[in-house]
Amino acid sequence: MIKVLICDDDKAIRDDIEKILKESGYVDYIKKVKNGVEAIEFVKSEKIDLLIIDIDMPYKNGIDTAKEITSVDKDIHIIFVTGFSDYSLESFKVHPVDFIVKPFTSDKIIDSVNIAIDHINSHKLAKTNFIDDTLFVYKIRKQIHMLNFDDIVMFEKNSRAINLYTKDHDIIKFYENFDDLEKRIPPNFFKSHKSYIVNLKLIHKVIPTSKSSLEIRFINFQESATLSKSLEKDFLYRFYRTKRF
(Lines give C-alpha, C1' and ligand atoms only; values in the text may rest on other atoms or scores of the structure.)
Protein backbone atom coordinates (compact mmCIF):
# COMPACT_ATOMS: atom_id res chain seq x y z
CA MET A 1 0.00 0.00 0.00
CA ILE A 2 1.36 3.42 -1.02
CA LYS A 3 0.41 6.21 1.40
CA VAL A 4 0.39 9.80 0.08
CA LEU A 5 0.13 13.12 1.89
CA ILE A 6 -0.79 16.21 -0.17
CA CYS A 7 0.23 19.58 1.28
CA ASP A 8 -0.90 22.81 -0.43
CA ASP A 9 -2.47 26.00 0.91
CA ASP A 10 -4.79 26.09 -2.12
CA LYS A 11 -7.81 23.80 -1.51
CA ALA A 12 -8.56 23.55 -5.24
CA ILE A 13 -5.02 22.26 -5.92
CA ARG A 14 -5.25 19.74 -3.07
CA ASP A 15 -8.58 18.46 -4.36
CA ASP A 16 -7.37 18.31 -7.99
CA ILE A 17 -4.32 16.22 -7.10
CA GLU A 18 -6.42 13.93 -4.88
CA LYS A 19 -8.96 13.40 -7.67
CA ILE A 20 -6.24 12.57 -10.23
CA LEU A 21 -4.58 10.08 -7.88
CA LYS A 22 -7.84 8.35 -6.97
CA GLU A 23 -8.78 7.97 -10.63
CA SER A 24 -5.33 6.60 -11.52
CA GLY A 25 -5.69 3.56 -9.27
CA TYR A 26 -1.98 3.68 -8.34
CA VAL A 27 -2.43 5.03 -4.81
CA ASP A 28 -4.23 3.27 -1.97
CA TYR A 29 -4.30 5.97 0.71
CA ILE A 30 -4.47 9.79 0.44
CA LYS A 31 -4.57 12.47 3.12
CA LYS A 32 -4.50 16.28 2.72
CA VAL A 33 -3.22 19.16 4.83
CA LYS A 34 -3.18 22.90 4.12
CA ASN A 35 0.24 24.00 5.40
CA GLY A 36 3.70 22.83 6.41
CA VAL A 37 3.04 22.91 10.13
CA GLU A 38 0.13 20.47 9.72
CA ALA A 39 2.25 18.25 7.46
CA ILE A 40 5.03 17.98 10.05
CA GLU A 41 2.57 17.11 12.80
CA PHE A 42 0.90 14.54 10.57
CA VAL A 43 4.09 12.57 9.80
CA LYS A 44 5.00 12.51 13.48
CA SER A 45 1.92 10.42 14.17
CA GLU A 46 1.35 8.54 10.93
CA LYS A 47 3.65 6.78 8.44
CA ILE A 48 3.52 7.94 4.81
CA ASP A 49 5.51 6.97 1.71
CA LEU A 50 5.14 10.07 -0.46
CA LEU A 51 4.73 13.77 0.25
CA ILE A 52 3.42 15.98 -2.58
CA ILE A 53 4.04 19.52 -1.35
CA ASP A 54 3.77 23.06 -2.67
CA ILE A 55 6.97 25.09 -2.32
CA ASP A 56 5.40 28.55 -1.92
CA MET A 57 3.23 28.47 1.21
CA PRO A 58 2.66 30.77 4.20
CA TYR A 59 3.93 30.03 7.73
CA LYS A 60 6.50 27.48 6.53
CA ASN A 61 7.54 27.00 2.90
CA GLY A 62 7.59 23.60 1.25
CA ILE A 63 11.37 23.26 1.19
CA ASP A 64 11.81 23.90 4.92
CA THR A 65 8.85 21.63 5.62
CA ALA A 66 10.33 18.82 3.53
CA LYS A 67 13.70 19.17 5.30
CA GLU A 68 12.05 18.83 8.69
CA ILE A 69 9.85 15.93 7.57
CA THR A 70 12.77 13.95 6.15
CA SER A 71 14.61 14.48 9.44
CA VAL A 72 11.62 12.84 11.15
CA ASP A 73 11.38 10.02 8.59
CA LYS A 74 14.18 9.70 6.03
CA ASP A 75 12.21 7.09 4.06
CA ILE A 76 9.60 9.62 2.88
CA HIS A 77 9.87 10.51 -0.81
CA ILE A 78 9.18 14.07 -1.95
CA ILE A 79 7.51 15.62 -5.00
CA PHE A 80 7.54 19.43 -5.08
CA VAL A 81 4.74 21.45 -6.65
CA THR A 82 5.76 24.93 -7.78
CA GLY A 83 4.59 27.85 -9.86
CA PHE A 84 8.13 28.45 -11.12
CA SER A 85 10.13 26.47 -13.67
CA ASP A 86 13.45 27.51 -12.05
CA TYR A 87 13.94 25.34 -8.99
CA SER A 88 15.76 26.63 -5.92
CA LEU A 89 19.08 24.94 -5.22
CA GLU A 90 17.86 24.50 -1.65
CA SER A 91 15.10 22.19 -2.87
CA PHE A 92 17.62 19.63 -4.12
CA LYS A 93 18.98 19.09 -0.60
CA VAL A 94 16.04 16.82 0.22
CA HIS A 95 16.56 14.83 -3.02
CA PRO A 96 13.06 15.21 -4.47
CA VAL A 97 11.82 12.54 -6.84
CA ASP A 98 10.33 15.15 -9.18
CA PHE A 99 8.96 18.67 -9.63
CA ILE A 100 5.45 19.49 -10.83
CA VAL A 101 5.06 22.95 -12.34
CA LYS A 102 1.70 24.71 -12.14
CA PRO A 103 -0.54 24.68 -14.07
CA PHE A 104 -0.19 20.90 -14.28
CA THR A 105 -1.94 18.21 -16.28
CA SER A 106 -3.30 14.89 -15.07
CA ASP A 107 -0.65 13.10 -17.14
CA LYS A 108 2.15 15.01 -15.40
CA ILE A 109 0.81 14.17 -11.94
CA ILE A 110 0.45 10.48 -12.82
CA ASP A 111 3.90 10.32 -14.44
CA SER A 112 5.57 11.91 -11.39
CA VAL A 113 3.73 9.67 -8.94
CA ASN A 114 4.56 6.55 -10.97
CA ILE A 115 8.25 7.50 -10.83
CA ALA A 116 7.91 7.98 -7.07
CA ILE A 117 6.20 4.58 -6.71
CA ASP A 118 9.15 2.92 -8.49
CA HIS A 119 11.55 4.65 -6.07
CA ILE A 120 9.46 3.69 -3.05
CA ASN A 121 9.16 0.02 -4.03
CA SER A 122 12.87 -0.26 -4.84
CA HIS A 123 13.77 1.45 -1.56
CA LYS A 124 11.66 -1.09 0.33
CA LEU A 125 13.46 -3.90 -1.47
CA ALA A 126 16.82 -2.41 -0.53
CA LYS A 127 15.82 -2.10 3.14
CA THR A 128 15.15 -5.83 3.37
CA ASN A 129 18.91 -6.37 2.86
CA PHE A 130 18.02 -9.43 0.80
CA ILE A 131 20.41 -10.21 -2.03
CA ASP A 132 19.74 -13.05 -4.42
CA ASP A 133 23.02 -13.83 -6.18
CA THR A 134 21.25 -15.08 -9.27
CA LEU A 135 18.22 -12.87 -9.91
CA PHE A 136 17.88 -9.09 -10.01
CA VAL A 137 14.37 -7.99 -9.05
CA TYR A 138 13.05 -4.58 -10.00
CA LYS A 139 9.66 -2.94 -10.23
CA ILE A 140 8.14 -0.80 -12.94
CA ARG A 141 4.86 0.65 -11.71
CA LYS A 142 3.17 -2.29 -9.95
CA GLN A 143 4.80 -4.98 -12.08
CA ILE A 144 7.67 -7.09 -10.74
CA HIS A 145 10.41 -8.03 -13.21
CA MET A 146 13.32 -10.45 -12.78
CA LEU A 147 16.57 -10.76 -14.68
CA ASN A 148 19.56 -13.05 -14.25
CA PHE A 149 22.53 -11.11 -12.85
CA ASP A 150 24.84 -12.90 -15.29
CA ASP A 151 22.93 -11.24 -18.15
CA ILE A 152 23.53 -7.72 -16.82
CA VAL A 153 26.55 -5.83 -18.17
CA MET A 154 26.17 -2.62 -16.20
CA PHE A 155 23.86 -0.08 -14.57
CA GLU A 156 24.09 3.56 -15.61
CA LYS A 157 22.61 6.47 -13.65
CA ASN A 158 20.79 8.73 -16.11
CA SER A 159 19.33 11.76 -14.35
CA ARG A 160 16.42 10.41 -12.24
CA ALA A 161 16.38 7.05 -14.03
CA ILE A 162 18.70 4.04 -14.20
CA ASN A 163 19.57 2.35 -17.46
CA LEU A 164 20.24 -1.38 -17.19
CA TYR A 165 22.32 -2.81 -20.07
CA THR A 166 22.02 -6.52 -20.89
CA LYS A 167 24.28 -8.88 -22.83
CA ASP A 168 21.56 -8.99 -25.49
CA HIS A 169 22.10 -5.24 -25.98
CA ASP A 170 18.74 -4.32 -24.45
CA ILE A 171 18.46 -1.15 -22.40
CA ILE A 172 15.91 -1.31 -19.58
CA LYS A 173 14.90 1.94 -17.89
CA PHE A 174 13.63 1.95 -14.32
CA TYR A 175 13.62 4.30 -11.34
CA GLU A 176 15.56 3.72 -8.13
CA ASN A 177 17.99 5.55 -5.89
CA PHE A 178 21.50 4.57 -7.03
CA ASP A 179 22.69 4.04 -3.45
CA ASP A 180 19.74 1.71 -2.79
CA LEU A 181 20.60 -0.23 -5.94
CA GLU A 182 24.18 -0.71 -4.76
CA LYS A 183 22.88 -2.45 -1.61
CA ARG A 184 20.96 -5.03 -3.66
CA ILE A 185 23.66 -6.43 -5.92
CA PRO A 186 26.13 -9.31 -5.42
CA PRO A 187 29.92 -8.86 -4.92
CA ASN A 188 30.81 -9.31 -8.59
CA PHE A 189 29.28 -5.87 -9.27
CA PHE A 190 31.36 -2.78 -8.54
CA LYS A 191 30.44 0.91 -8.38
CA SER A 192 33.20 2.26 -10.59
CA HIS A 193 31.95 5.83 -10.75
CA LYS A 194 29.09 7.91 -9.32
CA SER A 195 27.11 7.01 -12.45
CA TYR A 196 28.16 3.39 -13.13
CA ILE A 197 27.91 -0.04 -11.53
CA VAL A 198 29.63 -2.71 -13.62
CA ASN A 199 29.65 -6.51 -13.81
CA LEU A 200 33.26 -7.48 -13.10
CA LYS A 201 32.79 -10.87 -14.78
CA LEU A 202 32.14 -9.26 -18.16
CA ILE A 203 35.01 -6.76 -18.33
CA HIS A 204 37.40 -7.08 -21.25
CA LYS A 205 39.89 -4.30 -20.54
CA VAL A 206 40.43 -0.92 -18.88
CA ILE A 207 41.99 1.99 -20.77
CA PRO A 208 43.31 5.25 -19.25
CA THR A 209 41.55 8.27 -20.74
CA SER A 210 42.65 11.13 -18.46
CA LYS A 211 44.39 11.84 -15.17
CA SER A 212 41.14 11.31 -13.27
CA SER A 213 39.38 8.50 -15.12
CA LEU A 214 39.65 5.29 -17.14
CA GLU A 215 37.36 3.64 -19.67
CA ILE A 216 35.93 0.18 -18.95
CA ARG A 217 35.22 -1.98 -21.97
CA PHE A 218 33.21 -5.18 -21.89
CA ILE A 219 33.33 -8.51 -23.69
CA ASN A 220 31.37 -8.40 -26.97
CA PHE A 221 29.71 -5.14 -26.01
CA GLN A 222 29.94 -1.73 -27.62
CA GLU A 223 28.94 0.52 -24.72
CA SER A 224 31.59 1.42 -22.16
CA ALA A 225 31.63 2.65 -18.56
CA THR A 226 33.81 5.03 -16.57
CA LEU A 227 36.20 4.12 -13.75
CA SER A 228 37.25 6.91 -11.41
CA LYS A 229 41.03 6.97 -10.92
CA SER A 230 40.55 7.21 -7.16
CA LEU A 231 38.79 3.81 -7.21
CA GLU A 232 41.36 2.03 -9.39
CA LYS A 233 43.05 0.05 -6.58
CA ASP A 234 39.76 -1.13 -5.10
CA PHE A 235 38.54 -1.99 -8.57
CA LEU A 236 41.61 -4.09 -9.44
CA TYR A 237 41.44 -5.95 -6.12
CA ARG A 238 37.75 -6.80 -6.65
CA PHE A 239 38.29 -7.60 -10.33
CA TYR A 240 41.06 -10.15 -9.74
CA ARG A 241 39.25 -11.62 -6.75
CA THR A 242 36.14 -12.13 -8.90
CA LYS A 243 38.20 -13.83 -11.61
CA ARG A 244 39.66 -16.26 -9.05
CA PHE A 245 36.38 -17.46 -7.56
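Let's start with a pair of strands: β13 and β14 (residues 213–218) run antiparallel and pair over five bridges. In this predicted model, one of the links in that pair joins I203 to F218, its bridge partner in β14.

Those two strands belong to an open sheet of three, ordered β13-β14-β15, with antiparallel pairing. β13 (203–208) and β15 (224–228) sit at the edges with a single partner strand each, so one side of each has no neighbour in the sheet. From one strand to the next, the twist averages 30°.

**The chain as a whole**

Stepping back, the protein chain holds six helices and 15 strands. Its C-alpha trace spans about 60 × 35 × 30 Å along the principal axes. Of its 245 residues, 48% count as buried. Take the contacts between residues at least 6 apart in sequence: 53% of them join residues at least 24 apart.

**A parallel sheet with helices on it**

Another open sheet has five strands in the order β2-β1-β3-β4-β5, and here the pairing is parallel. The edge places go to β2 (29–33) and β5, each with a single partner strand, so one side of each is left open within the sheet. Ignoring direction, neighbouring strands of this sheet are turned by 20° against each other on average.

Inside this sheet, strand β3 (residues 50–54) pairs with β4 in the parallel sense over five bridges. L50 stands opposite H77 in β4. Helix α2 (residues 36–45) packs on the sheet and touches β1 and β2, with its direction at about 160° to that of β1. Helix α3 (residues 62–72) packs on the sheet too, touching β3 and β4, and its direction makes about 175° with that of β4.

Here are the strand pairs described in this report, side by side:

| Strand pair | Sense | Bridges |
|---|---|---|
| β13 and β14 | antiparallel | five |
| β3 and β4 | parallel | five |
| β8 and β9 | antiparallel | six |
| β8 and β12 | antiparallel | three |

**A closer look at D8**

D8 sits in the loop between β1 (3–7) and α1 (11–24). Is D8 buried or exposed? Its relative accessibility is 1%, and since anything under 20% counts as buried, D8 is buried. Its side chain reaches the backbone nitrogen of D10 at 2.8 Å. Leaving out residues up to four places away in sequence, D8 touches I13, R14, V33, K34, D54, M57 and K102.

**Strand β8 and its partners**

Now to β8, where five of the seven residues are buried, so the strand is largely enclosed by the rest of the structure. β8 pairs with strand β9 (residues 161–166) over six bridges in the antiparallel sense, and N158 has A161 as its bridge partner in β9. Together β8 and β9 make a hairpin with two residues between them, and S159 in the turn has a positive phi of about 60°.

β8 also runs antiparallel to strand β12 (residues 196–199), joined to it by three bridges. There, M154 stands opposite V198.

K157 lies in β8 (residues 152–158). How exposed is K157? It has a relative accessible area of 37%, so it counts as partly exposed. A polar atom of its side chain lies 3.2 Å from the backbone oxygen of S159, the turn residue with the positive phi. Apart from neighbours within four places in sequence, K157 is in contact with F178, K194 and S195. V27 is 130 residues away from K157 along the chain, and the C-alpha atoms of the two are separated by 27 Å.

**The largest pocket**

Rolling a probe the size of a water molecule over the atoms shows where empty space is left. In this model, the largest pocket holds about 860 Å³ of space. Its lining is made of 28 residues, and V94, H95, P96, H119 and N177 lie nearest its centre.

Which elements each supply at least two residues of that lining? They are β4 (77–82), β5 (98–101), α4 (106–127) and α5 (178–182). The largest share, three residues, comes from α5.

Note on methods: Residues are numbered from 1 along each chain as its sequence is written. This is a predicted model: local features need pLDDT of at least 70, side-chain atom pairs count only at pLDDT 80 or more; totals for chains, interfaces and linings use all residues. Side-chain values use heavy atoms; hydrogens and water are left out. Helices (H or I, at least four residues) and strands (E, at least two) are DSSP runs, numbered from the N terminus. Buried means under 20% relative accessible area, exposed over 50%, partly exposed in between (1.4 Å probe, protein chains only). Contact means heavy atoms within 4.5 Å. A polar contact is a pair of N or O atoms within 3.5 Å; within protein, one must be able to donate a hydrogen and the other to accept it, and residues adjacent in sequence count only if both atoms are side-chain atoms. Two strands pair if DSSP finds at least two bridges between them. Axes are lines fitted to C-alpha atoms, for helices over the stretch in contact, and angles run from 0 to 180 degrees between N-to-C directions. On a 1 Å grid over the protein atoms alone, a cavity is a set of points where a 1.4 Å probe fits but cannot get out, and a pocket is an open set with protein on both sides within 12 Å along at least five of seven lines; lining residues have an atom within 4 Å of a point. Grid points are joined across faces, edges and corners, and a volume is the space filled by probe spheres set on the points.
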